[in-house]
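Here's a quick briefing to read with the structure open beside you. It walks through a sheet first, then a pair of helices.

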Amino acid sequence: MDRTLTFHLESFEGPLDLLLQLVTANRVDIMDIPVALILEQYLEVLDQILAEDLENACDFVAMAARLVYIKTKLLLPKPEREDAEDPRAALAHSLIEYKKVKDAAPFFAARVQAGRDSLTKSPEPPMAVSPQAIHYHHKPADLCRAAKNVVERAKRKMPPSMKAFDGIVGFEPVPVEEKILRIMDMLSEKGSVSARQLYGQVRSRSELVAVFLALLELMADRRISVEDTPEGVMVFEGGEEEPA
């Protein structure tokens, strides 16, 4: 089969760039380069480079000499040792490393374009600090006290615990009407009752508020009267008459 490769001369960044394109065009494995075929095609391109750009042809000529040397080594009888190094190994390693750099070049080129629209602040030189400013004379107890203060300030910034809401939330509301009936029943039975007795029976803040609201509502309806006596605040049945 005719393996003649039609290759158009382009601008190469170096001999490795030319070699990589030859390997890619021939679809061969970098680790198993057919040196004779690649060398033949390389020399064809080198003739065109020498005809057009003699100033930058030195590196290409050096690579051609390296390829001739590798081809010569391959023509020699193979050594009996199985661990003998392949003369193409160093060239293959160079091509792999060059391919990595070339593949990464578009990414970094895009970053350069993006960086043109960004402004960064230059690092500021560190401030000069005198030796006395960093020399401490504190005792271990001072450090413990400072750490304790930091912990206490952090605790104050935290939300209160659930125990702080005991007696405020979580209880069933106490109907004011129920307390009104209870107060009126006690007054009907005894005629009067002390505020201490009314509040002494409550078991929660909600019940305490309900008793207080019940007293206010009964006073507003003039159904009870509240007087301050030597025995304490007393609640009597029936309110004061409104002035004529």
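In this predicted model, β2 and strand β3 (residues 232–237) pair up in the antiparallel sense, with 6 bridges between them. If you want a spot to start looking, find Asp228, which sits opposite Val233 in β3.

**The sheet and its helix**

- Those two strands belong to an open sheet of 3 strands, ordered β1-β3-β2, with antiparallel pairing.
- β1 (192–194) and β2 (224–229) are the edge strands; each has a single partner strand, so one side of each has no neighbour in the sheet.
- Going from one strand to the next, the twist averages 25 degrees.
- Helix α6 (residues 176–190) packs on the sheet and touches β1, β2 and β3.
- The direction of α6 makes about 85 degrees with that of β3.

**The α2/α3 pair**

- Two packed helices are described by the angle between their axes and the distance between the axes.
- For helix α2 (residues 35–52) and helix α3 (residues 58–75), the axes come within 10 Å and cross at roughly 160 degrees.
- Angles over 145 degrees count as roughly antiparallel, so that's the label α2 and α3 get relative to each other.
- The crossing of α2 past α3 is left-handed.
- On the α2 side, the contact is made by Val35, Ala36, Leu39, Tyr42, Leu43, Leu46, Ile49 and Leu50.
- α3 brings residues including Phe60, Val61, Met63, Leu67, Ile70 and Leu74, with Asp59 and Lys71 also among them.
- Sorted by type, the residues of this α2–α3 contact come out as 16 nonpolar, no polar and 2 charged.

How values were computed
Residues numbered from 1 in each chain as written. Predicted model: local features only at pLDDT ≥ 70, side-chain atom pairs only at ≥ 80, totals over all residues. Heavy atoms only, no water. Pairing = 2+ DSSP bridges. Helix = DSSP H or I, 4+ residues; strand = E, 2+ residues; numbered from the N terminus. Axes fitted to C-alpha atoms, helices over the stretch in contact; angles between N-to-C directions. Contact = heavy atoms within 4.5 Å. Parallel < 35°, antiparallel > 145°, perpendicular 65-115°, else oblique. Left-handed = near helix turned anticlockwise from the far one by under 90°. Nonpolar A, V, L, I, M, F, W, Y, C, P; charged D, E, K, R; others polar.
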